[in-house]
Amino acid sequence: MAERAVRINVNELLFQILSDTTLQVQILDLNTESQLYEQGINSEGDQIGEYSMMTKAYWKPLAASEGRDGRTDHITLKDTGEFYASFRFVNDSDGFTITANTLKEDGNDLAVIYGSTILGLSSESMAEIRPELRERLVELSRKAITG
């Protein structure tokens, strides 16, 4: 058993764990729905910003009437939903990366305007997913040791 324990490659186990598409969706939802939409924060936990008075008074109510995002308390980056729909989970041998198409149709790049930190999990989101990862890692490690 000791030999099996020594041979455990934690990165390989994490790669296996993070290959679960349900877990990937959960992680992407933490980035889009929890951080960006609900809190208006980036991966560093900083506020993205506030909408202008014109946006709050005219554009957001118009968007809401058209069935798009009408939230006005903070910038959500979900006006049409295209940005959120472009989020992808990339499983790497040493962790994961979240990618998205930050280039809008009008030529503006959200990563330039709001910073590349709009992609990725905040420490709060990482703390939320960590118990799930730990539980799965312990389970796979036990299986590897016991055979």
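This is a working chat about a predicted model of one protein chain.

Colleague: What is the overall make-up, how many helices and strands?
Modeller: This is a predicted model. The protein chain has 7 helices and 2 strands. In sequence order the pattern runs α-α-α-α-α-β-β-α-α.

Colleague: And the radius of gyration of the protein chain?
Modeller: The protein chain has 19 Å, whereas a compact globule of 147 residues would have a value near 15 Å. Along the principal axes, the C-alpha trace spans about 65 × 25 × 25 Å.

Colleague: What share of the residues count as buried?
Modeller: Of the 147 residues, 33% count as buried.

Colleague: Switching to charges. How many salt bridges are there?
Modeller: The count comes to 9 salt bridges. One of them pairs glutamate 33 with lysine 78, with the closest N and O atoms 3.4 Å apart. That pair links distant parts of the chain, 45 residues apart: glutamate 33 is in helix α3 (residues 21-39), and lysine 78 is in the loop between α4 and α5 (82-85).

Colleague: Why do glutamate 33 and lysine 78 count as partly exposed?
Modeller: Partly exposed covers the range between the 20% limit for buried and the 50% limit for exposed. Glutamate 33 has 30% relative accessibility, so it counts as partly exposed. Lysine 78 has a relative accessible area of 24%, so it is partly exposed as well.

Colleague: What else does lysine 78 do, anything with a ring?
Modeller: The charged end of lysine 78 sits over the ring of tyrosine 37, 5.0 Å from the ring centre. Arginine 71 also has its charged end over the ring of tyrosine 37, at 4.9 Å from the centre.

Colleague: Which residue does arginine 71 meet in a salt bridge?
Modeller: Arginine 71 meets aspartate 73, at 2.7 Å from N to O. Aspartate 73 is partly exposed, because its relative accessibility is 43%.

Colleague: What about arginine 68?
Modeller: Arginine 68 forms a salt bridge with glutamate 66, and their closest N and O atoms are 2.5 Å apart. Arginine 68 counts as partly exposed at 33% relative accessibility. Glutamate 66 counts as partly exposed too, at 49%.

Colleague: Back to that α4 to α5 loop. What is the phi of leucine 77?
Modeller: Phi of leucine 77 is near 60°, a positive value in a residue other than glycine. Leucine 77 is in the loop between α4 and α5.

Colleague: Is leucine 77 buried or exposed?
Modeller: Leucine 77 counts as buried, because its relative accessibility is 10% and the limit for buried is under 20%.

Colleague: Now the aromatics. How many aromatic pairs turn up?
Modeller: A search of the whole structure finds 5 aromatic pairs. Among them are tyrosine 84 and phenylalanine 87, with ring centres 6.3 Å apart and planes at 70°, so that pair is edge-to-face. Both tyrosine 84 and phenylalanine 87 are buried.

Colleague: Which residues do ring pairs link into a cluster?
Modeller: Phe83, Tyr84 and Phe87 are linked into a cluster by ring pairs.

Colleague: What kind of pair do phenylalanine 89 and phenylalanine 96 form?
Modeller: Phenylalanine 89 and phenylalanine 96 form a stacked pair, 5.0 Å centre to centre with 20° between the planes. Phenylalanine 89 is buried, with a relative accessible area of 12%, whereas phenylalanine 96 is partly exposed, with 24%.

Colleague: Moving to the surface. Which residues form a nonpolar patch?
Modeller: Met54, Tyr58 and Trp59 form a nonpolar patch on the surface, and together they have about 360 Å² of accessible area. Tryptophan 59 lies in helix α4 (residues 53-65). Tryptophan 59 counts as partly exposed, because its relative accessibility is 47%.

Colleague: Last one. Where is lysine 104 found?
Modeller: Lysine 104 is in the loop between β2 (95-99) and α6 (110-114). Lysine 104 is partly exposed, with a relative accessible area of 38%.

Colleague: And how does lysine 104 sit relative to tyrosine 114?
Modeller: Lysine 104 and tyrosine 114 are 10 residues apart in sequence, and their C-alpha atoms are 13 Å apart in space.

Definitions and conventions:
Residues numbered from 1 in each chain as written. Predicted model: local features only at pLDDT ≥ 70, side-chain atom pairs only at ≥ 80, totals over all residues. Heavy atoms only, no water. Patch = residues over 30% accessible without salt bridge, like charges linked within 9 Å, V, L, I, M, F, W, Y side chains within 5 Å. Areas by Shrake-Rupley, 256 points an atom, 1.4 Å probe, with all protein chains shown as cover. Salt bridge = Lys/Arg side-chain N within 4 Å of Asp/Glu carboxyl O. Helix = DSSP H or I, 4+ residues; strand = E, 2+ residues; numbered from the N terminus. Buried < 20%, exposed > 50% of the residue type's maximum accessible area, 1.4 Å probe, protein only. Phe/Tyr/Trp six-rings, centres within 6.5 Å; stacked < 30°, edge-to-face > 60°. Lys NZ or Arg CZ within 6 Å of the ring centre and 35° of its normal. Rg over C-alpha atoms; globule rule 2.2 N^0.38 Å.
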